[in-house]
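Please read them with the structure open.

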Amino acid sequence: MSNWDDEWDADVRMAPPQPALAALDLIPQKEETPLELLIRHWMNERHAPEILPAQEALLSSILDHLRRQSEAVQTLRGDPSTSDDEHLRITLVQLDVERVKFIVRSYVRTRLYKIEKYARYITSSPAIQTCLTASERDYASRHADLNDRHFSFSVLQSLPEPQRHLDDEVPYYMPPMMTTPDTTRPVFVHALKDCPPVILPDGTRHEMTKGHISLTHFSVVEHLVARGEAELV
Amino acid sequence: MSTDVHQYGELGTQLLQESRRSTQTDTLLKYNDALVRSIIREQRDLEKSLVSQIAKTPENEAPPPAVIIFQTAILRNKRCLLAYHSHRLDRLRDMYWAVGGALPHILSDPDTRSKLSPHEVDYLRSYHSSAMDFRGEFSSELDIMASITVPPKELHVSVKVVKDCGVIQTELGTIDFKKGQRFVVRRADIEHLIVQGYLEEVSGS
(Lines give C-alpha, C1' and ligand atoms only; values in the text may rest on other atoms or scores of the structure.)
Protein backbone atom coordinates (compact mmCIF):
# COMPACT_ATOMS: atom_id res chain seq x y z
CA MET A 1 0.00 0.00 0.00
CA SER A 2 2.94 2.32 0.48
CA ASN A 3 3.31 2.85 -3.22
CA TRP A 4 0.00 4.71 -3.27
CA ASP A 5 1.58 7.48 -1.33
CA ASP A 6 4.59 7.56 -3.60
CA GLU A 7 2.38 7.90 -6.60
CA TRP A 8 0.40 10.66 -4.97
CA ASP A 9 3.60 12.53 -4.18
CA ALA A 10 4.61 12.32 -7.79
CA ASP A 11 1.34 13.98 -8.69
CA VAL A 12 1.93 17.09 -6.71
CA ARG A 13 5.69 17.40 -7.00
CA MET A 14 6.88 20.29 -9.12
CA ALA A 15 9.63 19.84 -11.61
CA PRO A 16 12.49 22.30 -11.24
CA PRO A 17 12.30 25.23 -13.66
CA GLN A 18 14.23 24.54 -16.84
CA PRO A 19 16.52 26.94 -18.64
CA ALA A 20 14.65 29.46 -20.73
CA LEU A 21 15.37 28.01 -24.14
CA ALA A 22 14.96 24.35 -23.32
CA ALA A 23 11.67 23.29 -24.85
CA LEU A 24 9.06 22.46 -22.28
CA ASP A 25 8.52 18.87 -23.12
CA LEU A 26 11.28 17.61 -25.35
CA ILE A 27 13.71 16.58 -22.66
CA PRO A 28 13.36 12.88 -22.03
CA GLN A 29 13.12 12.16 -18.34
CA LYS A 30 12.51 9.01 -16.45
CA GLU A 31 10.00 10.64 -14.20
CA GLU A 32 6.77 12.01 -15.61
CA THR A 33 7.34 15.65 -16.58
CA PRO A 34 4.73 18.24 -15.62
CA LEU A 35 3.61 18.26 -19.23
CA GLU A 36 3.18 14.49 -19.35
CA LEU A 37 1.28 14.75 -16.11
CA LEU A 38 -0.93 17.45 -17.59
CA ILE A 39 -1.57 15.35 -20.66
CA ARG A 40 -2.55 12.39 -18.49
CA HIS A 41 -4.96 14.48 -16.43
CA TRP A 42 -6.30 16.05 -19.59
CA MET A 43 -6.99 12.65 -21.16
CA ASN A 44 -8.53 11.35 -17.94
CA GLU A 45 -10.75 14.39 -17.71
CA ARG A 46 -11.84 14.07 -21.31
CA HIS A 47 -12.81 10.43 -20.92
CA ALA A 48 -14.26 10.31 -17.42
CA PRO A 49 -18.00 10.86 -17.05
CA GLU A 50 -17.44 12.48 -13.66
CA ILE A 51 -15.54 15.62 -12.85
CA LEU A 52 -12.11 14.66 -11.47
CA PRO A 53 -10.18 16.44 -8.73
CA ALA A 54 -8.74 19.76 -9.90
CA GLN A 55 -4.97 19.88 -10.44
CA GLU A 56 -4.49 23.40 -9.22
CA ALA A 57 -0.82 23.13 -8.22
CA LEU A 58 0.16 21.46 -11.47
CA LEU A 59 -1.78 23.93 -13.55
CA SER A 60 -0.40 26.99 -11.83
CA SER A 61 3.18 25.70 -12.11
CA ILE A 62 2.68 25.12 -15.82
CA LEU A 63 1.14 28.55 -16.28
CA ASP A 64 4.06 30.09 -14.39
CA HIS A 65 6.46 28.22 -16.59
CA LEU A 66 4.66 29.38 -19.72
CA ARG A 67 4.89 32.96 -18.53
CA ARG A 68 8.60 32.69 -17.84
CA GLN A 69 9.15 31.16 -21.27
CA SER A 70 7.22 33.93 -22.98
CA GLU A 71 9.17 36.57 -21.07
CA ALA A 72 12.46 34.94 -22.06
CA VAL A 73 11.33 34.85 -25.66
CA GLN A 74 10.43 38.53 -25.55
CA THR A 75 13.83 39.44 -24.11
CA LEU A 76 15.77 37.37 -26.63
CA ARG A 77 13.78 38.70 -29.56
CA GLY A 78 14.49 42.24 -28.48
CA ASP A 79 18.20 41.53 -28.12
CA PRO A 80 20.06 42.46 -31.35
CA SER A 81 22.91 40.05 -30.57
CA THR A 82 20.60 37.04 -30.89
CA SER A 83 21.81 34.92 -33.80
CA ASP A 84 19.68 33.54 -36.63
CA ASP A 85 20.08 30.09 -35.25
CA GLU A 86 18.69 31.24 -31.95
CA HIS A 87 15.80 32.96 -33.69
CA LEU A 88 14.85 29.64 -35.18
CA ARG A 89 14.91 28.07 -31.76
CA ILE A 90 12.83 30.91 -30.38
CA THR A 91 10.20 30.17 -32.98
CA LEU A 92 10.15 26.55 -31.90
CA VAL A 93 9.74 27.51 -28.28
CA GLN A 94 6.94 29.90 -29.16
CA LEU A 95 5.13 27.19 -31.05
CA ASP A 96 5.61 24.84 -28.16
CA VAL A 97 4.19 27.39 -25.78
CA GLU A 98 1.13 27.71 -28.01
CA ARG A 99 0.70 23.95 -28.06
CA VAL A 100 0.89 23.64 -24.29
CA LYS A 101 -1.60 26.47 -23.97
CA PHE A 102 -3.90 24.53 -26.23
CA ILE A 103 -3.82 21.56 -23.88
CA VAL A 104 -4.39 23.72 -20.82
CA ARG A 105 -7.28 25.42 -22.56
CA SER A 106 -8.83 22.16 -23.63
CA TYR A 107 -8.42 20.79 -20.11
CA VAL A 108 -10.06 23.82 -18.52
CA ARG A 109 -12.87 23.82 -21.03
CA THR A 110 -13.57 20.11 -20.59
CA ARG A 111 -14.04 20.74 -16.90
CA LEU A 112 -16.19 23.75 -17.66
CA TYR A 113 -18.41 21.67 -19.90
CA LYS A 114 -18.99 19.14 -17.13
CA ILE A 115 -19.58 21.89 -14.60
CA GLU A 116 -22.28 23.36 -16.79
CA LYS A 117 -23.86 20.02 -17.45
CA TYR A 118 -23.96 18.98 -13.80
CA ALA A 119 -24.28 22.43 -12.23
CA ARG A 120 -27.29 21.55 -10.08
CA TYR A 121 -25.76 18.27 -9.00
CA ILE A 122 -22.52 20.01 -8.07
CA THR A 123 -24.18 22.74 -6.05
CA SER A 124 -26.16 20.14 -4.12
CA SER A 125 -23.21 17.87 -3.38
CA PRO A 126 -20.45 19.14 -1.08
CA ALA A 127 -18.34 16.05 -1.89
CA ILE A 128 -18.09 16.97 -5.57
CA GLN A 129 -17.35 20.58 -4.71
CA THR A 130 -14.07 19.55 -3.12
CA CYS A 131 -12.94 18.48 -6.61
CA LEU A 132 -13.32 22.01 -7.94
CA THR A 133 -11.21 25.12 -7.68
CA ALA A 134 -12.74 28.15 -6.00
CA SER A 135 -13.45 29.86 -9.29
CA GLU A 136 -14.99 26.68 -10.71
CA ARG A 137 -17.25 26.44 -7.66
CA ASP A 138 -18.37 30.03 -8.16
CA TYR A 139 -18.98 29.34 -11.80
CA ALA A 140 -21.04 26.25 -10.99
CA SER A 141 -23.34 28.10 -8.61
CA ARG A 142 -23.66 31.05 -11.00
CA HIS A 143 -24.52 28.67 -13.78
CA ALA A 144 -27.10 26.74 -11.75
CA ASP A 145 -28.78 30.01 -10.78
CA LEU A 146 -28.73 31.23 -14.33
CA ASN A 147 -30.44 28.10 -15.64
CA ASP A 148 -32.98 28.04 -12.82
CA ARG A 149 -33.84 31.64 -13.51
CA HIS A 150 -34.28 31.02 -17.18
CA PHE A 151 -36.59 28.05 -16.56
CA SER A 152 -38.50 30.04 -14.05
CA PHE A 153 -39.02 33.06 -16.32
CA SER A 154 -39.74 31.07 -19.46
CA VAL A 155 -41.88 28.29 -18.07
CA LEU A 156 -42.38 27.79 -14.38
CA GLN A 157 -43.77 31.15 -13.37
CA SER A 158 -46.61 30.78 -15.89
CA LEU A 159 -47.63 27.38 -14.54
CA PRO A 160 -50.18 26.93 -11.74
CA GLU A 161 -48.63 27.32 -8.32
CA PRO A 162 -48.24 23.61 -7.39
CA GLN A 163 -46.26 22.91 -10.59
CA ARG A 164 -43.57 25.54 -10.18
CA HIS A 165 -40.81 23.54 -8.57
CA LEU A 166 -37.66 22.27 -10.19
CA ASP A 167 -37.19 19.38 -7.78
CA ASP A 168 -40.33 17.27 -8.19
CA GLU A 169 -40.41 13.76 -6.84
CA VAL A 170 -40.83 11.93 -10.11
CA PRO A 171 -42.36 8.45 -10.50
CA TYR A 172 -39.91 5.62 -11.16
CA TYR A 173 -40.60 5.58 -14.90
CA MET A 174 -39.39 9.14 -15.43
CA PRO A 175 -35.78 10.27 -15.42
CA PRO A 176 -34.80 12.33 -12.37
CA MET A 177 -34.98 16.12 -12.60
CA MET A 178 -31.28 16.56 -11.92
CA THR A 179 -28.64 15.48 -14.41
CA THR A 180 -26.03 13.35 -12.70
CA PRO A 181 -22.87 11.82 -14.16
CA ASP A 182 -23.33 8.31 -15.51
CA THR A 183 -20.56 6.37 -13.79
CA THR A 184 -21.46 3.20 -15.64
CA ARG A 185 -20.26 4.72 -18.89
CA PRO A 186 -17.72 2.40 -20.53
CA VAL A 187 -14.14 3.65 -20.66
CA PHE A 188 -10.89 2.28 -21.99
CA VAL A 189 -8.45 2.02 -19.16
CA HIS A 190 -4.71 1.52 -19.48
CA ALA A 191 -2.81 0.15 -16.48
CA LEU A 192 0.34 2.15 -15.78
CA LYS A 193 1.53 -0.42 -13.26
CA ASP A 194 0.33 -3.72 -11.87
CA CYS A 195 -3.04 -2.93 -10.36
CA PRO A 196 -4.79 -4.63 -7.47
CA PRO A 197 -7.74 -6.69 -8.74
CA VAL A 198 -11.00 -4.90 -9.37
CA ILE A 199 -14.52 -6.32 -9.05
CA LEU A 200 -16.47 -6.20 -12.30
CA PRO A 201 -20.20 -5.41 -12.24
CA ASP A 202 -21.07 -9.11 -12.57
CA GLY A 203 -19.01 -9.88 -9.46
CA THR A 204 -15.96 -11.46 -11.07
CA ARG A 205 -12.45 -10.34 -10.20
CA HIS A 206 -10.33 -8.81 -12.88
CA GLU A 207 -6.63 -8.18 -12.54
CA MET A 208 -4.76 -5.79 -14.78
CA THR A 209 -1.01 -6.04 -15.16
CA LYS A 210 1.15 -3.18 -16.32
CA GLY A 211 0.38 -2.11 -19.88
CA HIS A 212 -2.92 -3.95 -19.95
CA ILE A 213 -5.90 -2.19 -21.59
CA SER A 214 -9.48 -2.99 -20.61
CA LEU A 215 -12.91 -1.73 -21.53
CA THR A 216 -15.12 -1.46 -18.48
CA HIS A 217 -17.45 0.75 -16.47
CA PHE A 218 -15.89 3.94 -15.19
CA SER A 219 -17.07 3.17 -11.64
CA VAL A 220 -15.03 -0.07 -11.65
CA VAL A 221 -11.68 1.62 -12.22
CA GLU A 222 -12.43 5.04 -10.75
CA HIS A 223 -10.13 4.51 -7.75
CA LEU A 224 -7.25 3.28 -9.94
CA VAL A 225 -7.45 6.42 -12.05
CA ALA A 226 -7.63 8.60 -8.94
CA ARG A 227 -4.47 6.96 -7.56
CA GLY A 228 -2.66 7.28 -10.86
CA GLU A 229 -2.24 3.50 -11.25
CA ALA A 230 -4.20 3.57 -14.47
CA GLU A 231 -5.13 6.16 -17.07
CA LEU A 232 -8.07 6.51 -19.40
CA VAL A 233 -7.28 6.29 -23.09
CA MET B 1 -63.01 19.66 -35.94
CA SER B 2 -60.18 17.33 -35.31
CA THR B 3 -57.78 20.12 -34.44
CA ASP B 4 -59.81 21.00 -31.37
CA VAL B 5 -59.69 17.48 -30.01
CA HIS B 6 -56.37 16.18 -28.89
CA GLN B 7 -54.87 13.92 -26.30
CA TYR B 8 -53.10 15.24 -23.28
CA GLY B 9 -49.43 15.47 -24.04
CA GLU B 10 -49.81 15.75 -27.79
CA LEU B 11 -48.55 19.32 -27.82
CA GLY B 12 -45.64 18.29 -25.62
CA THR B 13 -44.66 15.72 -28.21
CA GLN B 14 -44.77 18.39 -30.91
CA LEU B 15 -42.44 20.53 -28.87
CA LEU B 16 -39.97 17.68 -28.41
CA GLN B 17 -40.09 16.99 -32.13
CA GLU B 18 -38.91 20.53 -32.70
CA SER B 19 -35.94 19.89 -30.45
CA ARG B 20 -35.19 16.70 -32.27
CA ARG B 21 -35.41 18.39 -35.65
CA SER B 22 -33.09 21.07 -34.39
CA THR B 23 -30.54 18.43 -33.40
CA GLN B 24 -30.90 16.49 -36.61
CA THR B 25 -30.48 19.49 -38.86
CA ASP B 26 -27.99 21.12 -36.50
CA THR B 27 -29.77 24.45 -36.64
CA LEU B 28 -31.37 26.70 -34.12
CA LEU B 29 -35.09 26.89 -34.85
CA LYS B 30 -37.22 29.88 -34.02
CA TYR B 31 -38.49 29.92 -30.44
CA ASN B 32 -41.99 28.47 -30.62
CA ASP B 33 -43.76 30.89 -28.34
CA ALA B 34 -47.26 29.91 -29.48
CA LEU B 35 -46.77 26.23 -28.77
CA VAL B 36 -45.18 26.90 -25.39
CA ARG B 37 -48.12 29.09 -24.47
CA SER B 38 -50.70 26.52 -25.50
CA ILE B 39 -48.97 23.86 -23.41
CA ILE B 40 -48.99 26.20 -20.46
CA ARG B 41 -52.72 26.72 -21.03
CA GLU B 42 -53.17 22.96 -21.12
CA GLN B 43 -51.32 22.74 -17.81
CA ARG B 44 -53.73 25.19 -16.21
CA ASP B 45 -56.74 23.23 -17.48
CA LEU B 46 -55.23 20.00 -16.25
CA GLU B 47 -54.59 21.49 -12.84
CA LYS B 48 -58.23 22.63 -12.65
CA SER B 49 -59.52 19.18 -13.61
CA LEU B 50 -57.19 17.60 -11.07
CA VAL B 51 -58.32 19.88 -8.28
CA SER B 52 -62.00 19.37 -9.09
CA GLN B 53 -61.57 15.58 -9.22
CA ILE B 54 -59.95 15.60 -5.81
CA ALA B 55 -62.61 17.94 -4.44
CA LYS B 56 -65.35 15.59 -5.67
CA THR B 57 -63.82 12.62 -3.87
CA PRO B 58 -65.48 12.06 -0.49
CA GLU B 59 -63.10 11.99 2.45
CA ASN B 60 -61.55 8.67 3.47
CA GLU B 61 -61.95 7.34 -0.04
CA ALA B 62 -59.24 6.68 -2.59
CA PRO B 63 -59.23 9.28 -5.38
CA PRO B 64 -60.51 8.06 -8.74
CA PRO B 65 -57.99 6.75 -11.31
CA ALA B 66 -58.50 9.89 -13.39
CA VAL B 67 -56.33 11.71 -10.89
CA ILE B 68 -53.35 9.61 -11.89
CA ILE B 69 -53.97 10.39 -15.55
CA PHE B 70 -54.04 14.11 -14.84
CA GLN B 71 -50.97 14.00 -12.67
CA THR B 72 -49.00 12.02 -15.23
CA ALA B 73 -50.04 14.40 -18.00
CA ILE B 74 -49.03 17.40 -15.91
CA LEU B 75 -45.64 15.96 -15.10
CA ARG B 76 -45.00 14.93 -18.65
CA ASN B 77 -45.94 18.31 -20.11
CA LYS B 78 -43.76 20.04 -17.61
CA ARG B 79 -40.81 17.87 -18.47
CA CYS B 80 -41.38 18.48 -22.17
CA LEU B 81 -41.39 22.22 -21.60
CA LEU B 82 -38.22 22.10 -19.53
CA ALA B 83 -36.52 19.76 -21.98
CA TYR B 84 -37.31 22.07 -24.88
CA HIS B 85 -35.88 25.09 -23.11
CA SER B 86 -32.90 23.21 -21.83
CA HIS B 87 -32.13 21.89 -25.30
CA ARG B 88 -32.23 25.43 -26.67
CA LEU B 89 -29.91 26.65 -23.95
CA ASP B 90 -27.44 23.93 -24.91
CA ARG B 91 -27.53 25.09 -28.50
CA LEU B 92 -27.13 28.73 -27.51
CA ARG B 93 -24.10 27.90 -25.39
CA ASP B 94 -22.59 25.91 -28.25
CA MET B 95 -23.09 28.89 -30.54
CA TYR B 96 -21.53 31.15 -27.97
CA TRP B 97 -18.38 29.07 -27.65
CA ALA B 98 -18.18 28.48 -31.39
CA VAL B 99 -17.53 32.19 -31.92
CA GLY B 100 -15.09 32.36 -29.03
CA GLY B 101 -17.48 34.13 -26.68
CA ALA B 102 -18.10 37.10 -28.96
CA LEU B 103 -21.61 37.85 -27.77
CA PRO B 104 -22.21 40.99 -29.87
CA HIS B 105 -21.39 38.87 -32.89
CA ILE B 106 -24.36 36.59 -32.11
CA LEU B 107 -26.76 39.27 -31.00
CA SER B 108 -26.06 41.60 -33.91
CA ASP B 109 -26.93 38.91 -36.42
CA PRO B 110 -30.60 39.66 -37.28
CA ASP B 111 -31.26 36.09 -38.39
CA THR B 112 -30.15 34.58 -35.09
CA ARG B 113 -31.67 37.36 -33.09
CA SER B 114 -35.13 36.73 -34.57
CA LYS B 115 -34.99 33.13 -33.40
CA LEU B 116 -34.40 33.96 -29.76
CA SER B 117 -36.97 34.66 -27.11
CA PRO B 118 -36.38 37.79 -25.01
CA HIS B 119 -35.55 35.59 -22.03
CA GLU B 120 -32.94 33.81 -24.09
CA VAL B 121 -31.28 37.09 -24.98
CA ASP B 122 -31.16 37.91 -21.27
CA TYR B 123 -29.80 34.45 -20.58
CA LEU B 124 -26.99 34.88 -23.10
CA ARG B 125 -26.05 38.24 -21.61
CA SER B 126 -25.86 36.84 -18.07
CA TYR B 127 -24.05 33.76 -19.32
CA HIS B 128 -21.53 35.95 -21.10
CA SER B 129 -20.77 37.94 -17.97
CA SER B 130 -20.43 34.74 -15.95
CA ALA B 131 -18.05 33.26 -18.52
CA MET B 132 -16.05 36.49 -18.61
CA ASP B 133 -15.68 36.41 -14.83
CA PHE B 134 -14.33 32.89 -15.08
CA ARG B 135 -11.95 33.84 -17.87
CA GLY B 136 -10.66 36.69 -15.74
CA GLU B 137 -9.44 34.18 -13.16
CA PHE B 138 -6.72 33.07 -15.53
CA SER B 139 -3.63 35.05 -16.29
CA SER B 140 -3.61 37.26 -19.33
CA GLU B 141 -1.24 34.72 -20.87
CA LEU B 142 -3.96 32.20 -21.46
CA ASP B 143 -7.23 32.98 -23.15
CA ILE B 144 -9.54 30.10 -22.31
CA MET B 145 -12.11 31.30 -24.82
CA ALA B 146 -9.87 30.56 -27.79
CA SER B 147 -10.46 27.61 -30.06
CA ILE B 148 -9.92 24.06 -28.85
CA THR B 149 -10.79 22.16 -31.98
CA VAL B 150 -7.46 21.93 -33.76
CA PRO B 151 -4.10 22.00 -31.98
CA PRO B 152 -1.79 24.68 -33.40
CA LYS B 153 0.72 23.37 -35.95
CA GLU B 154 2.27 26.62 -37.01
CA LEU B 155 2.93 29.87 -35.26
CA HIS B 156 1.95 32.06 -38.16
CA VAL B 157 -0.92 31.95 -40.51
CA SER B 158 -1.59 33.56 -43.83
CA VAL B 159 -4.93 35.32 -43.89
CA LYS B 160 -7.15 37.23 -46.26
CA VAL B 161 -9.32 40.03 -44.94
CA VAL B 162 -12.97 39.36 -45.76
CA LYS B 163 -14.54 42.16 -43.73
CA ASP B 164 -12.98 45.39 -42.45
CA CYS B 165 -12.20 44.92 -38.81
CA GLY B 166 -10.31 48.03 -37.85
CA VAL B 167 -6.98 48.35 -36.11
CA ILE B 168 -5.80 45.28 -34.25
CA GLN B 169 -2.86 44.92 -31.86
CA THR B 170 -0.49 42.20 -32.97
CA GLU B 171 3.01 41.01 -32.24
CA LEU B 172 4.29 43.09 -35.18
CA GLY B 173 2.58 46.23 -33.93
CA THR B 174 -0.83 47.48 -34.92
CA ILE B 175 -2.32 46.44 -38.22
CA ASP B 176 -5.29 48.05 -39.90
CA PHE B 177 -7.12 45.18 -41.55
CA LYS B 178 -8.88 46.35 -44.71
CA LYS B 179 -10.99 44.17 -46.93
CA GLY B 180 -9.05 42.37 -49.65
CA GLN B 181 -5.63 42.70 -48.03
CA ARG B 182 -3.49 39.71 -47.14
CA PHE B 183 -1.21 39.29 -44.18
CA VAL B 184 0.98 36.75 -42.48
CA VAL B 185 0.32 37.13 -38.77
CA ARG B 186 0.73 35.26 -35.55
CA ARG B 187 -2.18 32.90 -35.18
CA ALA B 188 -2.77 33.62 -31.50
CA ASP B 189 -3.19 37.34 -32.24
CA ILE B 190 -5.98 37.03 -34.74
CA GLU B 191 -7.59 33.65 -34.19
CA HIS B 192 -10.76 35.24 -32.83
CA LEU B 193 -11.11 37.23 -36.04
CA ILE B 194 -11.01 34.06 -38.12
CA VAL B 195 -13.63 32.48 -35.89
CA GLN B 196 -15.90 35.50 -36.26
CA GLY B 197 -15.49 35.55 -40.00
CA TYR B 198 -13.50 38.76 -40.44
CA LEU B 199 -10.43 36.99 -41.73
CA GLU B 200 -10.10 33.90 -43.82
CA GLU B 201 -7.24 31.47 -43.66
CA VAL B 202 -5.34 31.10 -46.92
CA SER B 203 -3.81 27.67 -47.19
CA GLY B 204 -0.90 26.52 -49.29
CA SER B 205 0.88 29.84 -49.51
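1. Tyr96(B), Trp97(B), Tyr123(B) and Tyr127(B) are linked into a cluster by ring pairs; rings of Phe, Tyr and Trp (its six-membered ring) pair if their centres lie within 6.5 Å, and planes under 30 degrees apart count as stacked, over 60 as edge-to-face and the rest as tilted. Over all chains, a search of the whole structure finds 8 aromatic pairs. The pair Tyr96(B) and Tyr127(B) is edge-to-face, because the ring centres are 5.2 Å apart and the planes stand at 80 degrees. This pair links distant parts of the chain, 31 residues apart: Tyr96(B) is in helix H3 (residues 66-98) of chain B and Tyr127(B) in helix H6 (residues 118-136) of chain B. Helices (H or I, at least four residues) and strands (E, at least two) are DSSP runs, numbered from the N terminus.

2. The model is predicted: local features need pLDDT of at least 70, side-chain atom pairs count only at pLDDT 80 or more, and totals for chains, interfaces and linings use all residues. Residues are numbered from 1 along each chain as its sequence is written, chains are lettered from A and ligands numbered from 1 in the order in which they are written, and side-chain values use heavy atoms, with hydrogens and water left out.

3. Are the tyrosines Tyr96(B) and Tyr127(B) buried or exposed? Tyr96(B) is buried at 0% relative accessibility, and Tyr127(B) is buried with a relative accessible area of 0%. Buried means under 20% relative accessible area, exposed over 50%, and partly exposed in between (1.4 Å probe, protein chains only). Tyr127(B) also forms a stacked pair with Tyr123(B), at 6.0 Å centre to centre and 15 degrees between the planes. Tyr123(B) and Tyr127(B) are 4 residues apart in helix H6 of chain B, so about one helical turn separates them. Tyr123(B) is buried too, as is Tyr127(B).

4. Met132(B) is also in helix H6 of chain B. Met132(B) is partly exposed, with a relative accessible area of 25%. Leaving out residues up to four places away in sequence, Met132(B) touches Tyr96(B), Gly101(B) and Met145(B); contact means heavy atoms within 4.5 Å. From Met132(B) to Thr149(B) there are 17 residues in sequence and 20 Å in space, C-alpha to C-alpha.

5. Chain A has 8 helices and 5 strands. Along the sequence, the pattern of chain A is α-α-α-α-α-α-α-β-β-β-β-α-β. Of its 233 residues, 45% count as buried. Among contacts in chain A between residues at least 6 apart in sequence, 65% join residues at least 24 apart.

6. How much area do chain A and chain B bury between them? The figure is about 4,500 Å², 65% of it on carbon and sulfur atoms; buried area is the accessible area (1.4 Å probe) that two parts lose on being put together, summed over both. In chain A, the residues that lose the most area to chain B are Arg105(A), Arg109(A) and His150(A), together 15% of what that side buries. The contact takes 49 residues from chain A and 47 residues from chain B.

7. Across this interface the rule finds 2 salt bridges, a salt bridge being a side-chain nitrogen of Lys or Arg within 4 Å of a carboxyl oxygen of Asp or Glu. Glu116(A) and Arg93(B) meet in a salt bridge through their side chains (3.1 Å, N to O).

8. Gln163(A) is in the loop between H7 and strand E1 (186-191) of chain A and is buried, with a relative accessible area of 5%. The side chains of Gln163(A) and Gln43(B) are joined by a polar contact of 3.0 Å. A polar contact is a pair of N or O atoms within 3.5 Å; within protein, one must be able to donate a hydrogen and the other to accept it, and residues adjacent in sequence count only if both atoms are side-chain atoms.

9. Over all chains the structure holds 22 salt bridges. One of them joins the side chains of Arg120(A) and Asp148(A) (2.9 Å, N to O). Arg120(A) lies in helix H5 (residues 119-124) of chain A and Asp148(A) in helix H7 of chain A, so the pair ties together parts 28 residues apart in sequence.
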